[in-house]
Amino acid sequence: MANPVQSLTPRSAFAITPSDTTLYSDGSNGGQISGIYVGGGAPGNVVVVTANGETVTFTTVPIGTILPITVQKVTAATTATLLIGLRS
């Protein structure tokens, strides 16, 4: 039986710079993001394009939050700062 905690543990992490042009779904930037850690912006909004292509705004995200969502883009409309992308 697979360890459920291990399946949630990220294998890599990297700094995210919100951008309307950087795609994480085409493989050129390491592949899709499976989670986002919000480190600053007290609290700020995180605007993403999901793996299915929907644009979603997470409003007033507190510092220290991990958003467990697979995204292909973190847009420039994001106001939260110190974002860390997580890949599993």
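User: Leaving aside its neighbours within four places in sequence, with which residues is Q72 in contact?
Analyst: The model is a predicted one, and Q72 lies in its strand β6. When the neighbours of Q72 within four places in sequence are set aside, the contacts of this residue are T22, L23, Y24, S25, V49, T50, A51 and G53.

User: Is Q72 buried or exposed?
Analyst: A residue counts as buried when its relative accessible area is under 20%. For Q72 the relative accessible area is 17%, so this residue of the model is classed as buried.

User: Why can β3 be described as largely enclosed by the rest of the structure, and how many of its residues are buried?
Analyst: Strand β3 takes in residues 44-50, and it is largely enclosed by the rest of the structure because most of these residues are buried. Of the seven residues in the strand, the number that are buried is six.

User: In the hairpin of β3 and β4, which residue takes a positive phi?
Analyst: Five bridges join β3 to β4, which spans residues 55-61, and these strands run antiparallel; in this pairing V48 has V56 as its bridge partner. The hairpin has four residues between the strands, and the residue that takes a positive phi, near 95 degrees, is G53.

User: What is the order of strands in the open sheet, and which are its edge strands?
Analyst: The open sheet has four strands in the order β1-β7-β2-β5, with antiparallel pairing. An edge strand here pairs on one side only, and this is the case for β1 (12-16) and β5 (66-67).

User: Which residue of β7 is the bridge partner of F14?
Analyst: Strand β1 is joined by five bridges to β7, which covers residues 81-87, and the two run antiparallel. In β7, the bridge partner of F14 is G85.

Methods:
Residues numbered from 1 in each chain as written. Predicted model: local features only at pLDDT ≥ 70, side-chain atom pairs only at ≥ 80, totals over all residues. Heavy atoms only, no water. Pairing = 2+ DSSP bridges. Buried < 20%, exposed > 50% of the residue type's maximum accessible area, 1.4 Å probe, protein only. Contact = heavy atoms within 4.5 Å.
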